[in-house]
Amino acid sequence: GDEADPYTGKVYDHGVKSGYDILYGVDVSKWHQDANWRKIKEDGMSFAFLRIGYSGTNDGQRCEDPCFDLGDEREISHYRAAKAQGLKVGVYYFSQAITVKEAKKEAEFTLQLLKDKELDLPVVFDYESGKSTYRNHNLTREEGTAICKAYCDVIRAAGYDTMIYVDFNYMTNKIDASQLAADNSFWLARYNTRTGYSGAYEFWQYTDKGCVDGIGEDADVNFWYVPS
């Protein structure tokens, strides 16, 4: 139906995904340390992707996200809090790898931070190089594809499912999606009322300006397409 979305007030065209069941979810990082997971769940969210770590955009230095599950003095753990509310949980790693070797190191670092935790959803390779200040900005399509593959291969060898997060431009121009689709699912970002993409994807991040109780305004909100 043409019902307005509860988090943006807009009407979305699900295109090739029209026949699927749709679940809602959020993705968060240390920028959402005040997230109230009980309210998030009550507002209709059934899953969450949590940032587990990231590489620096200047130097590529690998860092853990302090709110994932560090148990620091404030004891913020998005992982434990989201799980406690019964949300399905996956993680993402924001990459700045410029070589296959670096991508493998990022994957090994991700696995160290995971410490064999159970996940309901994949480990996601967050591939963004859109800003000219990012160290991975000038990668070719071939390099980008090889880097995505290298990270995901290491993660999958450890027993986790893998997914690649890219925006519409990257999906079409910066990676060879068809080459990666056999082993990995896709999470597509496009802040629009339709994706306009006919290839394979399982999640659509449709806004970064959603309004979700427990996060507030400017929440990232996602559709998860589940075969009915």
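Student: Which residues does Tyr151 touch, not counting those up to four places away in sequence?
Tutor: This is a predicted model, so keep that in mind. Tyr151 touches Tyr93, Ala103, Glu106, Ala107, Thr110, Val123, Val124 and Phe125.

Student: And which residues have the most contacts inside the largest nonpolar core?
Tutor: Tyr151 is one of them, along with Trp37, Met45, Met171 and Ile175, in a core of 55 residues. Helix α4 gives the most to this core, six residues. There's also a separate second core of 11 residues, with Phe49, Tyr92, Trp187 and Ala189 among them.

Student: How do I read two packed helices?
Tutor: You describe them by the angle between their axes and the distance between the axes. Here, α3 (residues 100–114) and α4 (residues 141–157) pack at about 30 degrees, with axes 8 Å apart. Their crossing is right-handed. On the α3 side the contact includes Ala103, Ala107 and Leu111, and on the α4 side Ile147, Tyr151 and Val154. By type, the contact residues are 10 nonpolar, one polar and three charged.

Student: What about Leu87: buried or exposed?
Tutor: Leu87 has a relative accessible area of 3%, and buried means under 20%, so Leu87 counts as buried. Leu87 sits in the loop between α2 (78–84) and β4 (88–95).

Student: Where is Phe47 relative to Leu87?
Tutor: The two are 40 residues apart in sequence, yet their C-alpha atoms lie 4.8 Å apart in space. Beyond its neighbours within four places in sequence, Leu87 is in contact with Phe47 and others, including Trp37, Met45 and Asp120.

Terms used. Residues are numbered from 1 along each chain as its sequence is written. This is a predicted model: local features need pLDDT of at least 70, side-chain atom pairs count only at pLDDT 80 or more; totals for chains, interfaces and linings use all residues. Side-chain values use heavy atoms; hydrogens and water are left out. Axes are lines fitted to C-alpha atoms, for helices over the stretch in contact, and angles run from 0 to 180 degrees between N-to-C directions. Helices (H or I, at least four residues) and strands (E, at least two) are DSSP runs, numbered from the N terminus. A crossing is left-handed if the near helix is turned anticlockwise from the far one by less than a right angle, and right-handed if clockwise. Contact means heavy atoms within 4.5 Å. Ala, Val, Leu, Ile, Met, Phe, Trp, Tyr, Cys and Pro count as nonpolar, Asp, Glu, Lys and Arg as charged, and the others, Gly among them, as polar. A nonpolar core is a set of buried Ala, Val, Leu, Ile, Met, Phe, Trp, Tyr and Cys residues joined through side-chain atoms within 4.5 Å. Buried means under 20% relative accessible area, exposed over 50%, partly exposed in between (1.4 Å probe, protein chains only).
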